Amino acid sequence: AAQGRRRFSTRSSWPASAFLVPEARSNTPMLGLAWLPLLLAVPPPALDPRGRSPAIVPGRSALALIDLLGAEPEVAPQRYEVARRRRLTDLTLETTRPVRFKLNFDSLSEATALEHTACFEADKWYQRGFPGGGPPDGVTYKECPRDQSEYTIAMGEGCWGRCLGSDLITDDAKEIIEHVSTIVADELSAKLAVLASDGALTMRYSSGHPYANRGYSTENRCASSCQTLSSVSVGAEYCQDGVDADVVLSVTKPPVYSGVAGTGSSCAVDSQGRPLWLVFAWVERMDNKVVRSSCSSTEPNCYYRDQGFLVNGRGEKAVDRWRNLVTHEILHALGFSSHKFLQAGAIDLKKVEDIDGFVDEVYHFTSGTRAYAAASDFFGCDDSAWQAAASQAGVGWGLPLMGFPSLGRNSHWETRIMRDDVMSYGYNPDAAVSAITLAAMEDLGFYLGNYSSVDCLSWGYKQGCRFVTSRCGAVDPQLPPTAFVTTGEDPALSVGTCGGENFWGAGYTNADGAFVTTDPNGFIDGKCYAGNDPCNRAPNTFENDRCSLQCYTGTARARDDCSYTPPGTVSSPGGRGVSAIADKWLQWLLLGLGVVAAILLLCCCRSLVCPPKGSVPILATLSTLLLVCGLALAGFAAYVLLGASGAEFFSGLFGTPTLISAAAAGAFVASLSALSLLGICCRSTCALLLSFSLQIVALFAELTAAAVLAYYVWSLNDVASDSLQTVSSAGEGRYDGRLGETVLSEVEGFACRTYQLCCRDPRLDQMAMANGTAAAPTCLEAIEGGAPDITTILADASSPQFCRYISGSSVTTVPAAATCDALEWLLPGFELPECQRDFCAAGADGYLDFVEAVIDWMQSNTIAIGATCAVVAIIQCIAMSNALSLRARFKAEAEAKARIARGVKPRQDPPPRVSQRA
């Protein structure tokens with residue numbers, strides 16, 4: 001898999017989110033929520049020819065909590081990883097085997113499903129999000145509406161609802177769901193392979209501590225994230241004996257969401273980031289589907305068994321009806337999302353521009369990736385042609401992911417380019433698992449594709465690079481002859497074999513299971529060079545004795561390129577989990593050598609700086625300097641805290657918590673110094689002993705802080721360098737079992753609050769002022785499926801609860817404002833205006849970039865930071881040594897004086913012995 005670090009600024013990086021968009025751009029000032037598109041750096045959709053903004057409705061295929069972030073909440077290391085942890089392993093036919101699915105349908109049975117996550121009886125309670133506690137009992141509660149607004153209502157505090165008949169999991173529905181899911185899983189097993197492994201797939205026990213104050217269990221349980229975030233029933237056997245499989249696929253059936261048919265996600269991964277536990281939520285209504293011994297042709301929802309398949313009265317197989325949905329969501333769960341592609345370094349953010357002037361920025365697969373190679377073959381491009389087409393249009397080059405609609409953004413293929421593919425957005429019953437999709441899965445580094453099993457695409461076939469860069473808006477002026485079939489090749493070529501497939505599926509399934517079209521024709525007609533039905537419009541129609549390949553349905557020109565295999569090998573991300581400390585081994589080695597040299601120098605000079613009987617001048621000098629510094633620091637802090645004249649600037653700059661800490665630190669240093677000077681002047685052994693003891697405490701605190709910081713840096717890189725899991729565990733279980741897990745959570749919480757302080761877009765607060773509201777708005781309004789509450793919080797860095805869920809920290813201390821200016825000065829490439837501009841659009845990825853930048857700076861300045869800390873520690877050790885030696889000296893002198901006062905002759909050392917040998 002392609003490896004590489006992302007640039008610091010990342011925009012529009014959420015796989016899916018429901019952005020607030022105005023109906024049109026305007027040069028007039030915008031107030032309130034109309035500013036959000038600018039904050040998100042996502043332009044509003046263009047108006048269709050009828051003057052209406054295209055309706056944004058929940059997608060038939062929605063993204064659940066984990067896929068929304070492209071993150072996996074729980075890491076379950078496997079035994080097979082040990083051998084390849086620090087090396088890359090090529091995925092070949094010899095090293096891989098077809099993915100083995102372990103299907104888990106426990107969430108579909110009332111006896112084993114988690115409480116309040118599914119409906120088995122009408123009028124029973126179900127919950128959306130995390131409303132806290134148990135179901136309401138005669139108390140006020142937030143009720144879940146049964147319309148599209150349920151996303152918005154549920155995402156904040158969560159809600160409770162009553163099960164309707166349309167939500168129920170009947171025995172027949174369960175049979176259909178299990179039947180279809182089993183067949184599709186077998187089909188995907190034949191298309192994708194993973195590295196062969198020995199031993200059982202085993203999960204681990206973890207806790208859900210971030211939800212403790214919301215009424216949720218915090219005890220350790222097997223695959224806690226799967227149970228808490230994905231509402232999956234997990235038996236203890238998965239953490240004890242494990243299962244003989246490569247992935248577990250849980251199928252759930254939550255209550256119906258209006259406009260959503262299903263979601264796909266993963267709730268557990270191995271330490272390399274490969275999804276281990278997949279969750280497919282079948283949301284579409286199923287209570288009106290029945291299984292009988294026979295069905296009539298007027299009963300499309302009645303199924304019967306026929307040669308191992310469920311078939312309805314019209315002769316249609318159930319698997320054919322739902323194959324597109326189930327395949328689509330399982331591929332999402334296996335990793336088809338922008339976040340996973342970013343982790344693999346497979347996509348880059350580039351500009352796109354439609355023929356009507358609409359400009360956007362979306363992620364692209366570019367040269368060096370396998371998806372790009374497969375797309376180049378399908379569309380008839382090479383690197384020079386890609387670059388020429390992109391340069392002419394002034395846009396980026398490569399294969400873009402979807403930009404519109406915002407629901408599903410960047411986690412699907414752009415439907416205008418790859419309409420027929422299963423991972424394109426929208427409803428297409430004949431969607432194909434293409435070579436390009438398999439190549440994209442290979443770019444993750446987890447899978448090897450079986451290209452002999454892929455399906456053919458027609459839309460866009462051999463239409464050239466301009467077709468891709470313009471997103472179907474234009475084609476190359478002179479397509480090569482190979483892009484057409486002529487009557488010379490197919491004498492039977494006619495209008496009948498040049499009609500292509502004019503289906504453009506778009507719409508959603510409502511709560512009653514009916515498919516509702518959103519009529520995209522006007523929008524597509526204004527975007528694509530040949531409209532929404534290119535095979536009935538020039539230049540694709542049969543004319544001049546030739547037909548465009550994307551519309552050709554004859555058999556004379558055989559499609560031998562559908563199973564195109566990209567060149568090169570697929571490498572697993574085996575080395576991505578190596579600690580960044582190991583990556584910086586040279587710096588750590590130099591630092592270690594410097595510390596050893598300093599210790600040796602100190603030993604050689606010990607008689608000068610730390611004489612056996614102590615040195616009054618050395619201790620007095622050090623103590624005086626520290627006393628002056630401590631008094632200055634404490635006095636300045638007190639001056640500002642007391643609100644003296646001219647102190648307003650410093651008070652706003654540093655903040656009260658920082659000033660209080662500075663005053664305390666200054667007073668502590670001054671007290672230590674004063675005790676040392678008092679001990680010297682009064683020859684007080686008690687004062688010197690107290691000074692020595694307090695310096696021991698201070699030194700221990702400094703060393704502890706340095707160790708915690710180094711350990712935090714190591715933990716972030718070692719645990720999550722491969723998959724950027726700083727947000728992946730949602731504060732749950734990421735530090736479980738690690739030394740000092742509570743301290744690590746608090747350190748990360750402070751880092752998160754620093755990011756919010758420095759990078760929060762000031763326009764959010766201006767919006768609050770313009771609207772006259774006390775609370776500033778957050779970046780996101782709604783989400784696409786999943787668990788709305790936690791999803792929105794984790795995807796929205798502006799949420800007040802973002803840092804608590806990210807880190808598990810309950811502390812709310814915020815650093816001083818001056819920290820931001822210091823970070824801008826220290827961190828290469830970090831600019832406050834840019835970070836604030838991209839705050840909403842970058843989402844959780846912005847926080848990841850911020851933490852990575854801070855850690856990179858610390859690692860690149862290891863020697864300077866370590867040397868400074870070492871010098872301070874050495875000075876403290878010199879002062880402590882002299883204080884302890886002087887105490888012993890003063891005590892001995894005091895005892896001698898006391899003996900003289902009592903008339904006792906002072907003790908004299910015996911003369912040295914002289915050798916009698918000549």
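## Terms and basis of the model

A cavity, on a 1 Å grid over the protein atoms alone, is a set of points where a 1.4 Å probe fits but cannot get out, and its lining residues have an atom within 4 Å of a point. The structure is a predicted model, in which local features need pLDDT of at least 70 and side-chain atom pairs count only at pLDDT 80 or more, while totals for chains, interfaces and linings use all residues. Residues are numbered from 1 along each chain as its sequence is written, and side-chain values use heavy atoms, with hydrogens and water left out.

## The chain as a whole

The chain contains 28 helices and 24 strands, where helices (H or I, at least four residues) and strands (E, at least two) are DSSP runs numbered from the N terminus. Of its 918 residues, 53% are buried, a term that stands for under 20% relative accessible area, with a 1.4 Å probe and protein chains only.

Contact means heavy atoms within 4.5 Å, and among contacts between residues at least 6 apart in sequence, 74% join residues at least 24 apart. The chain exposes about 38,300 Å², of which carbon and sulfur atoms supply 58%; this area comes from the Shrake-Rupley method with a 1.4 Å probe.

## Cavities

There are 12 cavities of 30 Å³ or more in the structure, and the largest cavity holds about 110 Å³ of space, a volume being the space filled by probe spheres set on the grid points, which are joined across faces, edges and corners. This largest cavity is lined by 13 residues, of which Phe378, Ala435, Ile436, Asp561 and Cys562 are the closest to its centre.

Helix H9 (370-379) and helix H11 (435-443) each supply at least two residues of this lining, and the largest share, three residues, comes from H9. By class, the lining has eight nonpolar residues, one polar and four charged; here Ala, Val, Leu, Ile, Met, Phe, Trp, Tyr, Cys and Pro count as nonpolar, Asp, Glu, Lys and Arg as charged, and the others, Gly among them, as polar.

Strand S7 (residues 192-195) pairs with S19 in the antiparallel sense over two bridges, and Leu192 stands opposite Gly449 in S19.

Strand S10 (residues 247-252) is largely enclosed by the rest of the structure, because six of its six residues are buried. Both of its faces are covered, with Val247, Leu249 and Val251 buried on one side and Val248, Ser250 and Thr252 buried on the other.

Strand S4 (residues 101-104) pairs with S10 in the parallel sense over four bridges, and strand S12 (residues 275-282) runs parallel to S10 and is joined to it by five bridges. Val248 stands opposite Lys102, and its bridge partner in S12 is Trp277.

## The surroundings of Cys163

Cys163 lies in the loop between strand S6 (159-162) and helix H4 (171-189), and it counts as buried because its relative accessibility is 3%. Leaving aside neighbours within four places in sequence, Cys163 is in contact with Cys119, Glu121, Ala122, Asp123, Lys124, Trp125 and Tyr126. Cys163 and Trp125 are 38 residues apart in sequence, and 6.2 Å separates them in space, C-alpha to C-alpha.

Note on methods. 1 Å grid on protein atoms, 1.4 Å probe; cavity = no way out; pocket = protein on both sides within 12 Å on 5 of 7 lines; lining within 4 Å. Pairing = 2+ DSSP bridges. Buried < 20%, exposed > 50% of the residue type's maximum accessible area, 1.4 Å probe, protein only.
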